[in-house]
Amino acid sequence: MTQNVLFHLSVTPGAIRWTDRPHGADTDAVLSDLGLTLTELATLRKKSAA
């Protein structure tokens with residue numbers, strides 16, 4: 001969920017410079033930190049696609 005600009009100032013209006021990262025963008029990094037190997041990650045992806 002992306003927040004809107006919090007303050008609307010007349011001289012220096014706010015702007016959104018970038019949006020949220022895509023859903024799941026950090027999944028591999030988090031699961032790797034938890035100890036899963038690349039082979040285990042690939043197996044999980046195959047199971048979820050089936």
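Q: What should I know about the model before reading it?

A: It is a predicted model, where local features need pLDDT of at least 70, side-chain atom pairs count only at pLDDT 80 or more, and totals for chains, interfaces and linings use all residues. Residues are numbered from 1 along each chain as its sequence is written, and side-chain values use heavy atoms, with hydrogens and water left out.

Q: How many helices and strands does the secondary structure come to?

A: Helices (H or I, at least four residues) and strands (E, at least two) are DSSP runs, numbered from the N terminus. Here the protein has 2 helices and 0 strands. Helix 1 covers residues 27-33, and helix 2 covers residues 38-49.

Q: What span does helix 2 reach from its first C-alpha to its last?

A: The expected span of a helix is 1.5 Å times one less than its number of residues. Helix 2 has 12 residues and reaches 17 Å. That is close to the expected 16 Å.

Q: What percentage of the residues count as buried?

A: Buried means under 20% relative accessible area, exposed over 50%, and partly exposed in between (1.4 Å probe, protein chains only). Of the 50 residues, 4% count as buried. Helix 2 is hardly covered: 1 of its 12 residues is buried.

Q: How many salt bridges does a search of the whole structure find?

A: A salt bridge is a side-chain nitrogen of Lys or Arg within 4 Å of a carboxyl oxygen of Asp or Glu. The search finds 2. R21 pairs with D26, the closest N and O atoms being 2.7 Å apart. R21 counts as exposed because its relative accessibility is 55%. D26, at 39%, is partly exposed.

Q: Which residue forms a salt bridge with R45?

A: D28 does, with the closest N and O atoms 2.2 Å apart. This pair links distant parts of the chain: D28 sits in helix 1, R45 in helix 2, 17 residues apart. D28 is partly exposed at 35% relative accessibility. R45 is partly exposed too, at 46%.

Q: Is L41 buried or exposed?

A: L41 lies in helix 2. L41 counts as buried because its relative accessibility is 6%.

Q: Which residues does L41 touch?

A: Contact means heavy atoms within 4.5 Å. Leaving out residues up to four places away in sequence, L41 touches D28, L31, S32 and L36.

Q: Is L38 buried or exposed?

A: L38 also lies in helix 2. At 71% relative accessibility, L38 is exposed. Its C-alpha is 8.6 Å from that of D28.
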